[in-house]
Amino acid sequence: MSNPKNKKSFGTAPVLFTAISTILGAILFLRFGMAVGNLGFYGALGIIVLGHMITIPTALAISEIATNTRVEGGGEYFIISRSFGLNIGATIGIALYFSQAISVAFYIIAFTEAFQPLFAMALNAFNIDLPKQVVSIPALLALSYIVLQKGSDMGIKTLYTVVVILFISITLFFIGQTDYSEAGNYQANFIFNNKNQFFIWFAICFPAFTGMTAGVGLSGDLKNPKKSIPRGTMWGTIIGMIIYAGIIYKFSVSLTPEEMTESQLAMANVAVLGAIVIPLGLGASTISSAIGSVLVAPRTLQALAIDRSFPGRRINLWLSKEKGKNNEPFNATLITIGIALVFVLMGEVDFVAQIISMFFMITYGSLCLISFLNHFGASPSYRPQFKSHWAISLMGFLLSVWVMFKIDALYTILAYTLITLLYLYLNYIHKERGGLQKIFLGALFQLSRRIQLYMQKNRSRHPDETEWRPSAICISANSFSHSKVFDLMKWISYKHGFGTYFHFLKGYYSSATTMEAKQIVDQLISEHHDEESSLYVDCMISPSYTTAIAQAIQSPSISGMENNMVIFEYRRSETEAINSILDNISLTRAGNYDVCVFSDASRNTNFKNGIHIWIRPIDILNANLMILLGFIILSHPDWRKGYVKIFSICEPDEIALTRKQLSELVQSGRLPITLSNIEIIARDDQTANQKLINERSSNAGLTIIGFREEQIKHSGADVFNGFENMGDILFVNANSQQIIE
């Protein structure tokens, strides 16, 4: 990030020239002739097309995002971090910085190739095989001196000079003639050869196209980044693509495949005064690219440090330190030069090029993903002056990932693993900063909205084909004293169902009650939401419990399907609490809801004692719903040591038939209930059902019992009484008989 006091004096030209000089760099002079010689015209053209199918969407994404947000120092890192969040931005920014720092070494190594005649002369005349470091190390040190002492102003002035030399060299190459071109026997060069080597050469040549973002790194020194970045980036990309297409055509009609592959400087065999201008052009292009990289990389590192991306306050302060009248990133430049020196000492053009390709593709894929998610999320705050299309951004992201795997699947997996570990570390030391949730929040809102609309439309068209699953709501004023009901709602909504819990806040809707409701919801989320919870929590403000229930059962479900179950809860020790529930059961039945009444025993749940389901002759409609609820609750991790046991009370002469029916139901429904856990009990007029339940299920983790509305009309609260010594009980009343398929 740039200091506000910085002198921001640059316009569009530095962005364009930094980009174009990096695009028309080392790979153009050293490797593109070889690529044409190995793959043919159409193979090399395929590299250009595929490469720009990644870089053009990235250029569009950068241009778009840069015109939507305030862009400061740090270039691509600033754009990523302010769109994805600081932790994601730092993760990708560190990878981007290393690719930029290694690029300095790459261009210096390539610059050394311009002195090939010097090395050949030393070998032939004096029999001395000079190491390339005799040129590369002094060149790096000289470049370092220019940047450290003179700053970006001197770098840009040098940049203008070398761009002129670069274009003169390329022009002389295009007007050059060879005997091969005059003979006109070059048709074979247009055949796509060696297709199995395509991605090898793509990885080597791709850094040629990465220069289109080089000028973005100057964002902190631009007078108007929103204007200069889109113009400079897009024009640099388009001009580079046209020139590269012309280069491969010129190669194809000028040299044989052997002539293109046997020499790194094959361009010298075509250009006018090639022995002079091509090494000069190579030197100009590589040193200009190195200047661009050594200007950009320290600014990325400095921006990372200003955002406290590194552990330790002193490290961040030291790396963000500035010097000179233009506040140059002095210390960050020292680190960049040190990294470049290591790779100059040990690097090799093709190897370093492939490393750069992988890291740049991670960065480009991320930029395209940002653009796509911004489009898909449709945030009102996303109003770029320069607009791309979401499909182009999505294509750029997918192609980046695909090409990485095609180049080297193992290296791709390793790269993404390192990126993931780095993100986890940054997220650990900076928990307060935005993480992955910031990336997908808008997209998830849109996806949720579209899914809900889709489900609603299809449900109305095919109401009988909807697969049943519980979509339960519970409303209670006892949220902070009765915690057991939250467990029940989590069990139901964990895997197979959906759950919404409303806290009942008695009163009238006002600014005061609204504020209180928000505080209650925040507290409930804090107390009851773990990472595995799928329960949605809200607050209902209403003058009475009955009106609150009426409001709740008419509220749409966040699941996209209609609510179909209402759960009441009470603590068994609070004897009067059941009365308010009885008054409202008929209200919920009017909406054709399944009704459950949860009786909290105020003791810990003994999960290993399982779930007991009691089916009585009155439970013709309830039975299947009770069994399904038992299965759904059992799927929660809390019940991993539990089991489901079914007790069925029937007439003595129906024992065999009842056992057969239940066994077939369990087997055909593929329910995780062993046949040994099905117990058939003959009905005995001398023994009340309630007594049987108390005797056999007093220690159960949860007991599920059916009830009918007619029982409540006849017996009232007695339906739920008489189970004082038992654990938690879930009373179930089904609206209709569910089908277990």
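# Briefing: helix packing and selected residues

The side chain of Thr91 comes within 2.8 Å of the backbone oxygen of Asn87. This is a predicted model. The protein has 741 residues, and 55% of them count as buried. Its secondary structure comprises 26 helices and 10 strands.

**Overall picture**

- The protein exposes about 32600 Å². Carbon and sulfur atoms supply 58% of that area.
- Take the contacts in the protein with a separation of 6 or more: 82% of them join residues 24 or more positions apart.

- Thr91 sits in helix H5, which spans residues 86–112.
- Thr91 has a relative accessible area of 2%. The cut-off for buried is under 20%, so Thr91 is buried.
- Setting aside residues up to four places away in sequence, Thr91 touches Ile419, Leu422, Tyr423 and Leu426.
- Tyr425 is 334 residues from Thr91 in sequence. In space, their C-alpha atoms are 9.4 Å apart.
- H5 packs against helix H17, residues 409–429, at an angle of about 135°. The two axes are 9 Å apart.
- That angle makes H5 oblique to H17.
- H5 and H17 cross with right-handed geometry.
- On the H5 side, the contact is made by Asn87, Ile88, Ala90, Thr91, Ile94 and Ala95. On the H17 side, Ile419, Leu422, Tyr423, Leu426 and Asn427 make it.

**The H1–H12 pair**

- Helix H1, residues 12–23, packs with H12 at an angle of about 130°. Their axes lie 8 Å apart.
- H1 and H12 are therefore oblique to each other.
- Their crossing is left-handed.
- H1 contributes Thr18, Ser21 and Thr22 to the contact. H12 contributes Ser285, Ser288, Ser289 and Gly292.

**Loops on either side of H12**

- Ala268 is in the loop between helix H11 (257–261) and H12.
- Ala268 is partly exposed, at 21% relative accessible area.
- Beyond its neighbours within four places in sequence, Ala268 is in contact with Gly274, Ala275 and Ile278.
- Ala268 and Leu172 are 96 residues apart along the chain, and 9.8 Å separates their C-alpha atoms.
- Arg308 is in the loop between helix H12 (274–306) and helix H13 (313–319).
- Arg308 is partly exposed, with a relative accessibility of 44%.

- Most residues other than glycine have a negative phi.
- Arg308 is not a glycine, yet its phi is positive, at about 55°.
- Ser602 is not a glycine either, and has a positive phi of about 60°.
- Ser602 is in the loop between strand S5 (594–600) and strand S6 (611–615).
- Ser602 is partly exposed, with 43% relative accessible area.

**Ser493 in H19**

- Ser493 lies in helix H19, residues 484–493.
- Its relative accessible area is 1%, so Ser493 is buried.
- A polar atom of the Ser493 side chain lies 2.7 Å from the backbone oxygen of Met489.
- Leaving out residues up to four places away in sequence, Ser493 touches Phe498, Gly499, Ser534 and Leu535.

**Asn624 in H23**

- Asn624 is in helix H23, which runs over residues 623–634.
- Asn624 is buried, with a relative accessible area of 11%.
- Neighbours within four places in sequence aside, Asn624 contacts Leu665, Gln737, Gln738, Ile739 and Ile740.

How values were computed
Residues are numbered from 1 along each chain as its sequence is written. This is a predicted model: local features need pLDDT of at least 70, side-chain atom pairs count only at pLDDT 80 or more; totals for chains, interfaces and linings use all residues. Side-chain values use heavy atoms; hydrogens and water are left out. Helices (H or I, at least four residues) and strands (E, at least two) are DSSP runs, numbered from the N terminus. Buried means under 20% relative accessible area, exposed over 50%, partly exposed in between (1.4 Å probe, protein chains only). Contact means heavy atoms within 4.5 Å. Accessible areas come from the Shrake-Rupley method with a 1.4 Å probe; for residues, only the protein chains shown count as cover. A polar contact is a pair of N or O atoms within 3.5 Å; within protein, one must be able to donate a hydrogen and the other to accept it, and residues adjacent in sequence count only if both atoms are side-chain atoms. Axes are lines fitted to C-alpha atoms, for helices over the stretch in contact, and angles run from 0 to 180 degrees between N-to-C directions. Angles under 35 degrees count as roughly parallel, over 145 as roughly antiparallel, 65 to 115 as roughly perpendicular and the rest as oblique. A crossing is left-handed if the near helix is turned anticlockwise from the far one by less than a right angle, and right-handed if clockwise.
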